[in-house]
Amino acid sequence: MNHVEFPGLGWSFDIKTTVFSIGSFQVKWYGLLIAVGFLLAVVYAMLMCKKMNINRSRLLDTVIVGLIAGIIGARLYYVIFYPGDKFLKDPISIFYIHEGGIGIYGGIIGALLIGAIFAKFRKLNVYATLDIAVLGFLIGQAIGRWGNFVNQEAFGGPTSMPWGMISENTLAISPDPVHPCFFYESLWCVLGFILLHIFTTKFRRYDGQTFLLYIIWYGTGRFFIEATRTDSLYVPFLPIKISQLVAVVSVLVGIALLIVFRNRKFLIGCGSKTIMALNTEQIANMEGVALYEVSERKEKKFKHIKNSERYETQKEEKSDLLEQKTDDNSGLADNSCHVVFSESLNKNIAQAEHDDIRNMTNKNKVEEHLVNSDNDDKNKGDH
């Protein structure tokens with residue numbers, strides 16, 4: 001239990017660090033708050049999938065992988081930049097994450113890097129996925145930072161502001177009230193989430209733009225908040241706080257990429273109505289051409305098939321006509337009539353043979369054209 005006071009506000013209360021216990025198993029407020037933040041971030045991401053045109057099932061797979069990578073990254077970040085030789089003397093203690101010791105930047109980098117790779121593997125739009133992910137980060141960070149308040153950690157140096165905080169842990173640093181840095185960062189993340197959510201749904205011009213704005217927003221806030229903290233990790237052999245260095249790099253990279261992509265105009269989901277309308281028109285035009293080409297090819301094939309069937313029907317009708325004329329004239333006794341009929345019959349037979357040859361030629365042309373048309377379709381499909 002921690003006793004906390006805010007003298008300038010007249011507040012004083014005790015905070016339990018444990019939610020409940022079952023035997024030797026304890027559920028801490030710190031872990032519960034992080035879990036709640038993560039779950040709310042996932043719920044938000046699932047609700048945004050429809051607006052962002054992202055597959056929920058694939059995104060959930062990516063979130064799980066990103067979570068694991070984030071935990072590993074957060075722990076490695078802390079271990080790598082830990083000032084002492086604790087982890088060199090006792091390497092197995094690297095896995096004692098329940099004892100504390102993680103770095104938020106390591107978690108963000110690990111989750112984004114591995115999550116982006118897995119999103120590509122799952123055939124998701126990586127940039128749109130990053131846009132959703134960072135909005136979820138802001139939710140998780142805003143809630144998770146209150147775990148630092150319960151544990152009375154991640155606070156700053158002395159301050160004369162009315163919201164200055166005093167606890168047993170802060171008295172080890174200063175007898176005066178100190179900056180409640182957890183509150184600064186939580187408030188900064190809440191404000192960032194509201195602004196970036198509105199931007200994403202109303203003004204975003206291309207996939208990935210929200211991600212770039214996030215690294216600028218969070219980096220800017222973290223740089224100034226970190227300046228007040230007293231428990232920061234430093235760059236080895238340099239009087240530079242690692243989080244401030246990463247923040248500066250993030251802001252500069254984000255601004256540079258915004259300039260590079262300033263003319264980019266492509267969205268698969270929500271954003272600027274103008275850009276959405278432009279993208280919809282382009283996609284509709286592409287689909288229209290494709291549908292027209294398909295229907296045109298089908299219509300040509302249908303005409304060829306109908307011509308072939310018509311040829312067979314005409315051939316059968318002529319054959320029946322010849323048989324009928326032969327039967328009608330077989331009983332004529334008059335020789336002259338027989339001669340006249342024979343000549344007429346010979347002419348009809350010759351004409352029929354001529355028609356057969358011509359129709360057979362047409363049929364061969366039709367079949368040849370059908371084969372060529374099918375080959376063209378296959379070639380286009382392969383291309």
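Helices (H or I, at least four residues) and strands (E, at least two) are taken here as DSSP runs, numbered from the N terminus. The model is predicted, so local features need pLDDT of at least 70 and side-chain atom pairs count only at pLDDT 80 or more, while totals for chains, interfaces and linings use all residues. Residues are numbered from 1 along each chain as its sequence is written, and side-chain values use heavy atoms, with hydrogens and water left out.

Let us start with the aromatic rings. Rings of Phe, Tyr and Trp (its six-membered ring) pair if their centres lie within 6.5 Å; planes under 30 degrees apart count as stacked, over 60 as edge-to-face and the rest as tilted. By this rule there are 20 aromatic pairs, and two of them are set out below.

| Ring pair | Centre to centre | Angle between planes | Class |
|---|---|---|---|
| Tyr78 and Phe87 | 6.3 Å | 80 degrees | edge-to-face |
| Trp146 and Phe149 | 5.7 Å | 80 degrees | edge-to-face |

Trp146 and Phe149 both sit in helix α5 (residues 126–151), and because they are three residues apart there, about one helical turn separates them. How accessible are these rings' residues? Buried means under 20% relative accessible area, exposed over 50%, and partly exposed in between (1.4 Å probe, protein chains only). Trp146 counts as partly exposed at 33% relative accessibility, whereas Phe149 is buried at 10%. Phe87, from the other pair, is also buried, at 7%. Trp146 and Phe149 belong to a cluster linked by ring pairs, together with Phe6, Trp11, Phe13, Phe182 and Phe183.

Now to a pair of helices. Helix α7 (residues 181–202) packs against helix α8 (residues 209–226) at an angle of about 160 degrees, with the axes 10 Å apart. The axes are lines fitted to C-alpha atoms, for helices over the stretch in contact, and angles run from 0 to 180 degrees between N-to-C directions. Angles over 145 degrees count as roughly antiparallel (under 35 as roughly parallel, 65 to 115 as roughly perpendicular, the rest as oblique), and α7 and α8 are therefore roughly antiparallel to each other. Contact means heavy atoms within 4.5 Å. Among the residues that meet are Trp188, Leu195 and Phe199 in α7, and Leu213, Trp217 and Ile225 in α8.

Finally, a glycine: Gly66 lies in helix α2 (residues 56–80) and is buried, with a relative accessible area of 10%. Gly66 and Ile108 are 42 residues apart in sequence and 9.2 Å apart in space, C-alpha to C-alpha.
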